Each structure stands twice: as structure tokens, then as C-alpha cells.
Amino acid sequence: MGCGSCSSGGCSSGLPRGCNNNGSCGSGGCNKLTVFDWLSNIDLPTDSSSFNGIEVRFKGSRKEFFYNESNLPIKEGDVVAVEGSPGHDIGVVSIVGELARLQFKKKYKNQDLESQKKVYRIAKENDIKKWQDAVDLEEKTMYFARKSAEDFGLQMKISDVEYQGDKTKATFYYTANGRVDFRELIKKLSSELRIKIEMKQIGARQEAARLGGIGACGRELCCSSWLTDFRTVNTSAARYQNLSINPQKLAGQCGKLKCCLNFELDSYMEGIKEFPNTKVRLISKKGKASFFKMDIFKRLMWYVYEDRKSGGIVELSLDRVKEIISMNKEGNKPDTIELINIVVEEKIDYENVVGQDSINRFDNKRKPKKGNRKNKKRRPKKA
């Protein structure tokens, strides 16, 4: 799909902001939550009919399913006019066919497709032009709404505005710590803009997903590119992964704990089952040692002697720690918790005699060879 009609903003030149290849990339353009249809090349059985539902993507990460009642020849990437509330809205088709069937069953388990809103038509040139005019008004309207909310003294932050495709409705997304009485604000906005106003309160994570940005890892935010399931993140996830509880490092763009703390948590929870209780101290004749830290995937543990004279931090393997704990349960004490390493002399099979393996062999300036003058024959002088 070309990016000349997208609603993500910032594509006035008709080129995607990311790939700059005029919308011919396989990712579907520069919109958020793009989908790869892995069922597109699979033929349907002869006794089954195609799915009449389509998924339409709007501004940001908003997606909805619609019923193609008239069986219009719609394919992925088409701009369509769909039923709104009221009027009609304009969006881009993201999924069709069997993948749309699977996603619809996943999202709406006990609902029928006929109960969804309907697809009116494939968008005409006038529809797309009107849609573009509505998109151009969003930034100006957002700043006007922010100024109006400040004048009324409302404790709210308007983060985004989305116009409907027919310019009859505008949805304002805002964040607030508590309940906000914005009735006077709606009256002012509706009288100035002369459209229907809808206010939607969203959370901090949803706000970051709509606005987008770059994370600490250097990549686009997960919530604005592919993540849709916002699960709660606790500080225990950082403790299991042996991360320092530093709010500045663990917080994301939204000010909450990073969603990526949950990505590898299951692997850490599975690997930590092999490790003993960290409260158990290792007892040896040299002294007692307490737990300091661990590396789950390398199966290493670090202990520190309680008596500083005995030594510092000691690195032990998991098997060695279990061995010492089993010896302490039997009442035995090893001489030391460290393993005694026996130094074995390595046999040298090859010696660098000439010095050809030296890296700095070309750095030394070679002295010119002195020839043996005695052996040189003098040439007779010409007469």
C-alpha cells in the first residue's frame, strides 16, 4: 500500500518515514501493528466458503472487524469506507481471508460476524480527500483542546486526537490521575469545532503506544510496533533476573516498569528451580560464606566470606555449591569452599623459531645487509 493516504501522520511527501521506498515494501507501509498473512497462499477446501469479515486499521493501534455484507472484492491494503457512529469512517484493510477468521474468533469468542458494523464501499477519491483534510486538522485541534483544558483548570493531559473519516466526530484521548469533570470543555469544543466530541481515558501504557518512540534498547517501542497485550509488571520480575531495583533504569517511556521485563521471566523462573535457597550459608574450616549473586544460565554462584580475613568473593559452580551443602548437612566441613586447581604444565609442540607468528614483526626496521667487500670483484675501468 502506498503511504500517501495513511493516517499515521508525517507522510505528506507520500513516502514512508522508515523504509522510504514509496510504499512497495512487504511490511504494509509505515503504520503500526502491521500483519504478515501467512495463510494467503493456502487454498480453501472445495466445500467451504470464504470469510466475509475484514480487519480495518485506523490511526495508531486501533483495529476493528467489519462485516462485508455485499461481498465486495476487498484485498489487503485497500482504503474502505465503513460504518461509524454516526456517519462513516475511513480505514485501511489489514487482514482478509482465513487469517481474519482466526483473529475474529480469538477476539470475539461468543459473537457473530453479522452483529458487527458493515463495510459500505471501497473509498472513492472524494472520501480519501475528505479523510486527508480531517487528518490535517488533528494537530491543530489537539493544541486547542489542551489550551482549553488549561483554561478550565482541569487536571488532565490530552495526548492525541483522532478525527472520523467524514469529519463529523473527533475522539480525544487523555490521561488523568483521577476523575475529571470535562462537561464545560466538551461544550466549548463542540461549539467551536461544530462536531461531535468523544472523550476517552487511557492508561500510561496506551498513551505510549499511540505516541510511539525509541526505547532504551535503541529500537521502536514494543507497545507501538507489535505488543497489544499489556500485562502487569512487578518488581519481582527484576529480582528474579538479578537486576538492580533502580526506577530510572527499569522504567520505560510511559513511566511504568518496562514490559520487556516479562519477556524472559519464564526462562528465569524455570532455571532458578535448580538453585538452592540463597539464605543457606556455606560452612568450611576457613569460615562461613553468604550468598552474593548468581548467574542462572551459566549455572554460577558467588559467595563472600563473612570474615574478611578469610577472603573475598568466591565464584562457584552450581554442582560445587550443592556438594558443600550436602556435606554440611552430614556434619562435615571442607577445608575451603574453593576448588583446589592443580596446575598442569602444558607441553609445547611447536616453537616459533623464526618469529613469523609475531604480530609486531613488521614494526622493527630492518637494517640493510652489509655485503662482503672482499669477495666482490672490482670491475675494470673503461679506457
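Which strands does H2 lie across, and at about what angle does it run to S4? Helix H2 lies across S3, S4 and S5, and runs at about 100° to S4. Angles here run from 0 to 180 degrees between N-to-C directions, with axes as lines fitted to C-alpha atoms, for helices over the stretch in contact.

A quick word on the model: it is predicted, local features need pLDDT of at least 70, side-chain atom pairs count only at pLDDT 80 or more, and totals for chains, interfaces and linings use all residues. Residues are numbered from 1 along each chain as its sequence is written, and side-chain values use heavy atoms, with hydrogens and water left out. Helices (H or I, at least four residues) and strands (E, at least two) are DSSP runs, numbered from the N terminus.

**The sheet and its helices**

The strands of the open sheet come in the order S2-S1-S4-S3-S5, five of them, with antiparallel pairing; two strands pair if DSSP finds at least two bridges between them. S2 (63-67) and S5 sit at the edges, each pairing on one side only. From one strand to the next, the twist averages 45°. S3 and S5 are joined by three bridges, and Ala81 has Arg121 in S5 as its bridge partner.

| Helix | Lies across | Angle |
|---|---|---|
| H1 (98-107) | S1 (53-57), S2, S4 | about 110° to S2 |
| H2 | S3, S4, S5 | about 100° to S4 |

**A closer look at H2**

H2 covers residues 125-136 and reaches 17 Å from first C-alpha to last, close to the 16 Å expected (1.5 Å times one less than its number of residues). Its buried residues (under 20% relative accessible area, 1.4 Å probe, protein chains only; exposed is over 50%, partly exposed in between) are Asp127, Trp131, Ala134 and Val135. Seen down the axis of H2, they fall within an arc of 100°, so they line one face of the helix; the arc is that of the directions from the helix axis to the C-beta atoms. Turned away from that side are the exposed Glu125, Asn126, Lys129 and Asp136. The cover over the buried residues of H2 includes H3 (138-151) and S6 (157-163).

**The cores**

The largest nonpolar core has 20 residues, and Met156, Ile158, Phe172, Leu185 and Met199 touch the most other members. Such a core is a set of buried Ala, Val, Leu, Ile, Met, Phe, Trp, Tyr and Cys residues joined through side-chain atoms within 4.5 Å. A second, separate core of 16 residues includes Met301 and Leu318.

Technical notes
Contact = heavy atoms within 4.5 Å.
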